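Thank you all for coming. I would like to walk through one structure slowly, beginning with the terms we need and then moving from the sheet to the core and the charged pairs.

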Amino acid sequence: MLVRGVRGATTVSENTKDEIVSSTAELLEKMISENEIDSENIASIIFTTTSDVFNEFPAVAAREILSLHSVPLLNMQEIDNPNGLSSCIRILIHLNTDLNQDQIKHVYLNGATVLRTDLK
């Protein structure tokens, strides 16, 4: 088994607690289902937000909606790049898996689909 990264991103329509939690939960659920992830195999999850998304920690969705209470979670803020995508939440799951790198399914939703047009 190796540790691999599963990437994902989404955007929120407004900087509210409900929007941040629901959008994060939607993305995280899709990342987990697309890659058939057993939570016991998740080593850790890093969440980042752009500077305009700050009214809740995205990790709240992992704990309260997906019940990932044993998984180490970390919230961080993205570099404030003036050319970057705004209102964005990104997730990186560190996963213990036997999958090859090219078998990992990265997930981009809503306005974040522009970040990885090669995945369409």
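Let me start with a definition: a residue is called buried when its relative accessible area is under 20%, exposed when the value is over 50%, and partly exposed in between, with a 1.4 Å probe and protein chains only. What we have here is a predicted model, in which local features need pLDDT of at least 70 and side-chain atom pairs count only at pLDDT 80 or more, while totals for chains, interfaces and linings use all residues. Residues are numbered from 1 along each chain as its sequence is written, and side-chain values use heavy atoms, with hydrogens and water left out.

Let us look at the sheet. Helices (H or I, at least four residues) and strands (E, at least two) are DSSP runs numbered from the N terminus, and two strands are said to pair if DSSP finds at least two bridges between them. Five strands form an open sheet of mixed pairing, and their order is E3-E2-E4-E1-E5. Strand E3 (73-77) and strand E5 (107-108) stand at the edges with a single partner strand each, so one side of each has no neighbour in the sheet. Strand E2, residues 42-49, pairs with strand E4, residues 88-97, in the antiparallel sense over seven bridges, and within this pairing Thr49 has Ile89 of E4 as its bridge partner. Helix H1 (residues 17-34) packs on the sheet and touches E1, E2, E4 and E5, its direction making about 30° with that of E4; the axes behind that angle are lines fitted to C-alpha atoms, for helices over the stretch in contact, and angles run from 0 to 180 degrees between N-to-C directions.

Which residues touch the most other members of the largest nonpolar core? Such a core is a set of buried Ala, Val, Leu, Ile, Met, Phe, Trp, Tyr and Cys residues joined through side-chain atoms within 4.5 Å. Of its 25 residues, the ones with the most such neighbours are Leu28, Ile45, Phe47, Leu68, Ile91 and Ile93. Two or more residues come from each of H1, E2, helix H2 (59-64) and E4, and H1 gives the largest share, six residues.

Next comes Thr10, which is found in strand E1, residues 2-11. Thr10 is buried, its relative accessible area being 0%. The side chain of Thr10 makes a polar contact with that of Asn110 at 2.8 Å, where a polar contact is a pair of N or O atoms within 3.5 Å; within protein, one must be able to donate a hydrogen and the other to accept it, and residues adjacent in sequence count only if both atoms are side-chain atoms.

Finally, the charged pairs. With a salt bridge taken as a side-chain nitrogen of Lys or Arg within 4 Å of a carboxyl oxygen of Asp or Glu, a search of the whole structure finds three. Glu34 and Lys30 meet at 3.5 Å, N to O, and, being four residues apart in helix H1, they are separated by about one helical turn. Glu34 is partly exposed at 33%, and Lys30 is also partly exposed, at 36%. Glu78 forms a salt bridge with Arg90, the closest N and O atoms being 3.6 Å apart. Glu78 lies in the loop between E3 and E4, and Arg90 in strand E4, so this pair ties together parts that are twelve residues apart in sequence.

Key. Contact means heavy atoms within 4.5 Å.
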